[in-house]
Amino acid sequence: MADSWSWFPALAVGVSLLKCLFIGGYRSTDFEVHRNWLAITHSLPVSRWYYENTSEWTLDYPPLFAWFEFALSHAAQHFDSDMLVVEKLNYSSPAAVLFQRLSVIFTDLLFIFAARECCRCVQEQKGSRDVLNQPPFILATLLLWNFGLLIVDHIHFQYNGFLFGFLLLSVAKHLQSRHLQGALLFVVLLNLKHIYLYVAPAYGIYLLRSYCFTQDNKDGSVRWSSFSPLRLFALGGIVVSVCALSFGPFIVTGQLPQVLSRLFPFKRGLCHAYWAPNIWALYNVLDKSLTTLSVRLKLLEEAELPRASMTGGLVQEFQHSVLPSVSPFITLVCTLLAILPALASIWWRPRGARGFLRCLLLCALASFIFGWHVHEKAVLIAILPLRSANDTSSNISRCR
């Protein structure tokens, strides 16, 4: 068995070396975003982290990610201490670039480990000696060499690989029937980046149905008498403990409203400056088309219309000119309606980890299609677990 997995280190080392080639390449404004967060968490007291606004790139991730940046800042000071000065906006010395790029590559080790755990849950084809046709090898390649993740993290610049490591590791733990560990990893992930709330309903319904209820009826429906309060308390204890550690210091100091206002800035508008290809992008196109037609038919005055309100490259609120404007509540209702069938399916007819994975994918896709202010990279939340779902749906085994 050891020889059959000798290819995995080669894949991992190969993609890590490829990432090193991007160190001196193009980087987006997110590079400055994370440099500023390093400076904020290193130079300022905790009480000012979510109030600091010297830069337009204010801290808007959950507290656990802020502590992650705080930990990184202590390593960053050995590369270039000037990068930790809040007032030095758009600072990008060679040493600062090197540190930030290496920090992404280093934290990707968690993603590599999580990919390995997922691959262990996929059954190898017996009798086949061709590694290229083995489901574990295919899955590892699709995960480790995911081109979208390479672009977003190692060219654009973010820490998505680190975060997806928690997601994939959580999925692997559920495939291994280690549900408390899987729940713990997911709660930690939510406190690192709240965008993963997209798939929280799948986790909640799956754990309630398949972990808190211990038996089914013969027809597969839930046996209500099998409910275990102890298991529910264990899950609740995990959620409360992690959230208390993450948000506790800000609750005690009365900063929770300020933190939440940073995490959920609804005034940023329906769509991101660079539209995600979802239903609201089509809605915007239809509104603009109807606006153009109305101007030509002299039903609207062009001078009264906002200029580039949805395509100006800015993150802002805007009102549609012809169609009704969409509120955050409307997007929430649309999302909930879209995920409801998937949640009902794993409640009434659970199919173990396979059903959970499929529900997770549908929740991620529905949130991407109907969510408020969706980033285009959010589609990775569906794409990466999809790799696992494709390989585990017919080749799932008891994880080793």
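Tutor: Buried means under 20% relative accessible area, exposed over 50%, and partly exposed in between (1.4 Å probe, protein chains only). This is a predicted model, where local features need pLDDT of at least 70, side-chain atom pairs count only at pLDDT 80 or more, and totals for chains, interfaces and linings use all residues. Residues are numbered from 1 along each chain as its sequence is written, and side-chain values use heavy atoms, leaving out hydrogens and water.

Let's take helix α7, residues 160–175 (helices are DSSP runs of H or I, at least four residues, numbered from the N terminus). Its 16 residues reach 22 Å from first C-alpha to last, close to the 22 Å expected at 1.5 Å a residue (1.5 Å times one less than the number of residues). Of those 16 residues, 16 are buried. After α7 comes serine 177, with a positive phi near 65 degrees.

Now the partner. The axes of α7 and helix α8 (residues 179–192) come within 7 Å and cross at roughly 160 degrees (lines fitted to C-alpha atoms over the stretch in contact, angles from 0 to 180 degrees between N-to-C directions). So α7 runs roughly antiparallel to α8, a label for angles over 145 degrees. The crossing is left-handed, the near helix being turned anticlockwise from the far one by less than a right angle. On the α7 side, the contact (heavy atoms within 4.5 Å) is made by Phe162, Leu163, Phe166, Leu167, Leu169, Ser170, Lys173 and His174. From α8 come His179, Gln181, Gly182, Ala183, Leu185, Phe186, Val188, Leu189 and Leu192. Sorted by type, the contact residues are 11 nonpolar, 5 polar and 1 charged (Ala, Val, Leu, Ile, Met, Phe, Trp, Tyr, Cys and Pro count as nonpolar, Asp, Glu, Lys and Arg as charged, the others, Gly among them, as polar).

Leaving aside neighbours within four places in sequence, glutamine 255 touches Val46, Ser47, Tyr51 and Phe250.

Lysine 288, in helix α12 (residues 279–296), is partly exposed at 29%. Its C-alpha is 8.1 Å from that of valine 322, 34 residues away in sequence.

Key. Helices (H or I, at least four residues) and strands (E, at least two) are DSSP runs, numbered from the N terminus. Angles under 35 degrees count as roughly parallel, over 145 as roughly antiparallel, 65 to 115 as roughly perpendicular and the rest as oblique.
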